[in-house]
Amino acid sequence: QMPAVWRLRWNDPTVLFGIVCVLLPVVRGGDPALLLQYFQEPSLLIGLCAAVGVVWVAKRGGDEKLEAWEVRAATWYLLNGFLFHYAFDFCVPILNAVPMLRATYTEMDGRYGCVPHIRCQGKLGVSKPIDPTIWVVCHLEAMLDTPLCFVIFVAYLKGWAVRRPLEIMLAGMQITGTVIFQGTELYHGLRNTPPAPHNVGGKGGMLQHASLDPWGDWARFECQVLFFWFAFCVLNSVWYAVPARLAWAAATEVARGGVGARTRMAD
């Protein structure tokens with residue numbers, strides 16, 4: 001029987017999280033055909049092939065018997081490597097892959113800039129450079145976080161002890177990247193998430209234009225709820241909580257004896 005880690009587990013939190021992130025722009029666009037854009041991007045297909053290759057390498061030579069929390073952790077690393085760090089945080093903003101999603105990024109955060117051939121807040125032909133901090137963070141995710149996620153995934157399934165220090169190192173990188181991403185926007189007064197005219201912050205303070213009134217300016221309310229409260233505040237917090245929890249588990253294993261130690265997490 002195929003080990004649990006090789007089966008697509010629809011109830012896995014990371015799988016569900018990824019499905020929501022993939023489908024939300026399609027639902028918002030109101031056209032199921034937009035889903036095809038994901039399968040028309042060479043960069044995404046290359047990343048998918050890399051992820052499949054990582055699974056193939058991990059599967060060779062037998063499988064480590066994993067506890068339920070370890071299966072979830074391995075899934076987190078595999079999908080982070082391909083879907084979040086590579087596809088969402090590099091291919092879309094840097095390579096301008098998936099026009100539907102790239103246009104959503106410009107609505108979500110003005111720091112992503114605009115490219116003339118993709119709609120920028122409803123307009124074509126607009127050109128605006130990407131913020132240098134965002135550019136650096138996106139490249140670091142693709143060059144460092146993605147390969148580390150893949151290595152840690154293999155390490156889980158092979159039972160390599162090296163995964164523990166790698167997890168601690170990656171957790172520090174993920175949390176630092178999230179702090180930089182959110183912190184620089186906080187420094188600038190929340191004027192880009194989402195960009196004007198639906199911006200949250202203004203000259204009068206970071207929450208000067210915050211709106212929680214759906215019966216007032218609906219466009220402002222929708223953009224702020226979706227892009228600021230949900231995407232910027234809630235979704236980004238995942239990359240504080242999960243890396244910190246996994247790093248703590250790895251550090252506990254090291255403290256208990258390293259190679260032979262196993263941490264138990266509540267299911």
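**View 1. The side chain of R163 meets that of E167.** A polar contact of 2.4 Å joins the side chains of R163 and E167. The structure shown is a predicted model. R163 belongs to helix 6, which covers residues 163-187.

**View 2. The surroundings of R163.** R163 has a relative accessible area of 4% and is therefore buried, the limit for that term being under 20%. When neighbours within four places in sequence are set aside, the residues in contact with R163 are W69, E70, A155, Y156 and E253.

**View 3. The course of helix 5.** A bend of about 35 degrees occurs in helix 5 at E141.

View 4. The N-terminal end of helix 5 is capped by D131, which places a side-chain oxygen 2.9 Å from the backbone nitrogen of T133. After helix 5 comes G159, with a positive phi near 75 degrees.

**View 5. Spans annotated as transmembrane regions.** An unreviewed UniProt entry assigns the feature "transmembrane region" to residues 39-57, 77-98, 134-157 and 225-242. In the model, residues 134-157 are 100% helix and 0% strand, with end C-alpha atoms 33 Å apart. Residues 77-98 are 86% helix and 0% strand, and their end C-alpha atoms are separated by 23 Å.

Notes. Residues numbered from 1 in each chain as written. Predicted model: local features only at pLDDT ≥ 70, side-chain atom pairs only at ≥ 80, totals over all residues. Heavy atoms only, no water. Bend = angle between axes of the 7 residues up to and from the residue. Helix = DSSP H or I, 4+ residues; strand = E, 2+ residues; numbered from the N terminus. Polar contact = N/O pair within 3.5 Å; in protein donor to acceptor, adjacent residues only side chain to side chain. Buried < 20%, exposed > 50% of the residue type's maximum accessible area, 1.4 Å probe, protein only. Contact = heavy atoms within 4.5 Å. UniProt positions renumbered as here; feature names shortened; annotations may be inferred.
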